[in-house]
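Reader: Can you walk me through this one? Keep it quick.

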Amino acid sequence: MPLASSIPTQADRERMCAGGGLRRGRMLSLAAVVAVALLAPTLTLMPNSPKRKLLYLTHSAGFKHSVLPLSEQIVKEIGVRSGAFEATSTQDCSLINADHLKNYDALVFYTTGELPFSEAQKQAFLDFIKSGKGFVGVHSATDTFYQWPEYGQIIGGYFDQHPWHEDVNIEVLDPKHPAVRHLAPSFEIKDEIYQFKDFLKDKLHVLLKLDNRSVDLNAKNVKRPDQYFALSWTNQYGKGRIFYTALGHRDEVWQDSRFQEHLLNGIRWTTRDVK
C-alpha cells in the first residue's frame with residue numbers, strides 16, 4: 001500500500017527503536033520525504049478556484065478512534081499540498097454555530113455519538129448545508145446523531161456493526177466521479193468495513209461498494225438481507241453537496257495516496273471546485 005505522508009507508522013517507530021540509532025531515524029525520515037515526492041497525487045484546481053476554508057470536527061461522544069490525530073494532520077497536509085483549502089481541526093462542538101460557520105466553505109466530521117449540539121446549533125448546521133456549503137463525513141460520521149433524523153437524511157445511513165476488518169476488494173461504481181476516478185475499477189485495501197441501517201439507497205449516488213466475493217458473507221454481525229454494502233456515496237440537501245466515505249479507520253489507510261486523493265476530491269466536489 002503506497003504511503004503519501006511523512007508521518008511514520010507504528011511499525012516505522014518500532015524499527016527506529018530497534019535500530020537504536022539517530023542515523024536510522026534520519027534515513028527513515030528521508031525515505032518518507034521521498035515517498036511524499038514520488039507518490040503524492042498530482043492535483044490541479046479548476047481555473048480561478050479560490051482557496052476554501054474547511055472546519056474538521058473530530059469530537060468523540062462515543063468510541064474514540066486512535067487515528068484522529070493523524071487524520072487531522074493529513075487533512076491539513078492535503079489541503080496545503082493541493083492548494084485547495086486551508087483546514088482548521090477542532091474537537092470543540094461549540095464552534096458549530098451560525099456566526100462561526102460563516103468563515104467556512106465546508107465541514108468535515110469524523111465523529112461518534114450524540115454530539116452536544118443545542119437546537120440552535122443543529123439549525124445552524126442544516127442552514128449551512130442548505131445554503132450551498134459542503135459537508136463531508138468520514139468513517140464514523142455515520143456512528144453519530146442516531147437521535148436526530150435530519151442528520152440521518154443528510155449522511156444517508158447509520159453504522160450497523162463492522163463485520164469485517166481485513167483485506168477486501170472494493171468496486172468503483174461511478175468511474176467518472178472526481179472522488180473515485182483515480183482508482184482502479186476494483187482495488188484491494190485493508191480497513192474496518194462498515195454496514196449500514198436506515199440506508200437511503202434510492203436517494204444516494206453510490207461511488208464505492210464492497211465486492212462480496214472478497215469476504216465471508218456468513219461472518220458474525222452480517223445483517224443486510226440484500227447483501228449490499230456501500231462504502232462511499234454522495235447526497236444533496238438543499239443547495240448543499242454531501243460526500244461520505246466509510247474508509248479511514250486505520251493509520252495505513254490515511255497514509256495511502258489513493259485514500260488521500262479520494263478524500264481531497266470528495267471535499268473539492270462538495271465545494272464545486274471540480275466537476
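Author: One term to start: buried means under 20% relative accessible area, exposed over 50%, and partly exposed in between (1.4 Å probe, protein chains only). This is a predicted model, where local features need pLDDT of at least 70, side-chain atom pairs count only at pLDDT 80 or more, and totals for chains, interfaces and linings use all residues. Residues are numbered from 1 along each chain as its sequence is written, and side-chain values use heavy atoms, with hydrogens and water left out.

Reader: Fine. Is Asp211 buried or exposed?

Author: Asp211 is buried, at 6% relative accessible area. Its side chain meets that of Arg213 in a salt bridge, 3.0 Å from N to O. A salt bridge here is a side-chain nitrogen of Lys or Arg within 4 Å of a carboxyl oxygen of Asp or Glu.

Reader: And Arg213, buried or exposed?

Author: Arg213 counts as exposed, because its relative accessibility is 73%.

Reader: How many salt bridges does the structure hold?

Author: Twelve. Another of them joins Lys102 and Asp99, with the closest N and O atoms 3.7 Å apart. Both of those residues are exposed.

Reader: Switch to Asn212. Where is it?

Author: Asn212 lies in the loop between strand 9 (205-210) and strand 10 (230-237). Asn212 is buried, at 18% relative accessible area.

Reader: What does its side chain reach?

Author: The Asn212 side chain reaches the backbone oxygen of Gln227 at 2.7 Å. Not counting residues up to four places away in sequence, Asn212 touches Leu217, Gln227 and Phe229. Contact means heavy atoms within 4.5 Å.

Reader: Now helix 8. How many of its residues are buried?

Author: 13 of the 14 residues in helix 8 are buried. Helix 8 covers residues 257-270 and reaches 20 Å from first C-alpha to last, close to the 20 Å expected at 1.5 Å a residue. The expected span is 1.5 Å times one less than the number of residues.

Reader: What comes just after helix 8?

Author: Arg272, which takes a positive phi of about 65°.

Methods
Helices (H or I, at least four residues) and strands (E, at least two) are DSSP runs, numbered from the N terminus. A polar contact is a pair of N or O atoms within 3.5 Å; within protein, one must be able to donate a hydrogen and the other to accept it, and residues adjacent in sequence count only if both atoms are side-chain atoms.
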